[in-house]
Amino acid sequence: MRRDHESRESHEGQDQELYEQGDDGSRDDCEGEGDGRLGGPRDDHGDDGLRGRLVRVGVGLVNAEGAQALSLREIARRAGVSHGAPRRHFPTHLDLLSAIARQGFAELAARVAAEDREEAGPRERIALLARVYLDYAGSRRGMYELMFRHDLLESGRLGLRETSLPLFARLTELVARVRPGADPVVVAGALWANLHGIAQLWHWGSLRLATGGADPAPLLAAALDAHLGPAEPAP
């Protein structure tokens, strides 16, 4: 784990050096046509231009190959531009990663909004939110890992915290209705930590090995009972 952390820091340091060095003049972001295999057709003059294309390429890359694949060189290569071109829109590598992670939070929020039912009881809505969260963690593994990187959230880049915190606020508000006598922030935080642990340990195979289960649903039910109390039986 320590070696992986040091390797990632070294890799990201190299990417940041590329920003500081700038373009080598061999290509710039307005030359040539994009390759469909790499970055798709050029769209520098579209609605969001190069900035949007870099983010879209990054989103596709992280979903396909994981967060470790998000080097500046690879994003620029797939977008069909020189490695110095992205700094016109993203002064640092962290800015570009934050913009990519922001898309992940937007997608997760959209999934939650699509599944949430305001007419349902608060506990049922928490269960829905939790299932969406675990499903997202499983289906968007690379993006999920990027979204919750400490350095991105702590940096405050591009208002990333303002994008992520509304989901926690929604959970806290629902918890307050289920457990009015408890501190909703503490309970919501503990529940979120439990969900995050289930997502990580299930992905790594540890929970499947330890429990012999093939579905995390029973673990989710146990977590909800532990933090919210047993669900009331259906009438």
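## Contacts of Leu 220

Leaving aside neighbours within four places in sequence, Leu 220 is in contact with Ala 130, Arg 131, Leu 134, Leu 195 and Ile 198. This comes from a predicted model. Leu 220 sits in helix α11, which covers residues 217-228. Its relative accessible area is 5%. Buried means under 20%, so Leu 220 counts as buried.

Along the chain, Arg 131 and Leu 220 are 89 residues apart. Their C-alpha atoms are separated by 7.9 Å.

## The chain as a whole

The protein chain has eleven helices and zero strands. From the N terminus on, the order of elements reads α-α-α-α-α-α-α-α-α-α-α. The chain holds 235 residues, and 42% of them count as buried.

How many of the contacts between residues at least 6 apart in sequence join residues at least 24 apart? The share is 66%.

## Helix α5

Helix α5 has 18 residues. From its first C-alpha to its last, α5 reaches 26 Å, close to the 26 Å expected at 1.5 Å a residue. Is α5 mostly covered or mostly uncovered? It is mostly covered, with 13 of its 18 residues buried.

## Helix α9

Helix α9 has 21 residues. It reaches 30 Å from first C-alpha to last, close to the 30 Å expected at 1.5 Å a residue. Its buried residues are Val 187, Ala 188, Leu 191, Leu 195, Ile 198, Ala 199, Gln 200 and Trp 202.

At the start, a side-chain oxygen of Asp 183 reaches to within 3.1 Å of the backbone nitrogen of Val 185. After the helix comes Gly 205, whose phi is positive, near 90°.

## Helix α4 and His 93

Helix α4 spans residues 93-115, 23 residues in total. It reaches 34 Å from its first C-alpha to its last, close to the 33 Å expected at 1.5 Å a residue. The buried residues of α4 are His 93, Asp 95, Leu 96, Leu 97, Ser 98, Ala 99, Ile 100, Ala 101, Gly 104, Phe 105, Leu 108 and Val 112.

His 93 belongs to α4. Why does His 93 count as buried? Its relative accessibility is 4%, and the cut-off for buried is under 20%. A polar atom of the His 93 side chain lies 3.1 Å from the backbone oxygen of Leu 70.

## The second largest pocket

Rolling a probe the size of a water molecule over the atoms shows where empty space is left. The second largest pocket has a volume of about 310 Å³. It is lined by 16 residues, and the closest to its centre are Phe 148, Ser 164, Leu 167, Phe 168 and Trp 192. The elements giving two or more residues to this lining are α4, α5 (122-139), α7 (150-155), α8 (160-178) and α9 (184-204).

Which helix gives the largest share of the lining? It is α8, with six residues. By type, the lining of this pocket divides into 13 nonpolar residues, one polar and two charged.

Key
Residues are numbered from 1 along each chain as its sequence is written. This is a predicted model: local features need pLDDT of at least 70, side-chain atom pairs count only at pLDDT 80 or more; totals for chains, interfaces and linings use all residues. Side-chain values use heavy atoms; hydrogens and water are left out. Helices (H or I, at least four residues) and strands (E, at least two) are DSSP runs, numbered from the N terminus. The expected span of a helix is 1.5 Å times one less than its number of residues. Buried means under 20% relative accessible area, exposed over 50%, partly exposed in between (1.4 Å probe, protein chains only). A polar contact is a pair of N or O atoms within 3.5 Å; within protein, one must be able to donate a hydrogen and the other to accept it, and residues adjacent in sequence count only if both atoms are side-chain atoms. On a 1 Å grid over the protein atoms alone, a cavity is a set of points where a 1.4 Å probe fits but cannot get out, and a pocket is an open set with protein on both sides within 12 Å along at least five of seven lines; lining residues have an atom within 4 Å of a point. Grid points are joined across faces, edges and corners, and a volume is the space filled by probe spheres set on the points. Ala, Val, Leu, Ile, Met, Phe, Trp, Tyr, Cys and Pro count as nonpolar, Asp, Glu, Lys and Arg as charged, and the others, Gly among them, as polar. Contact means heavy atoms within 4.5 Å.
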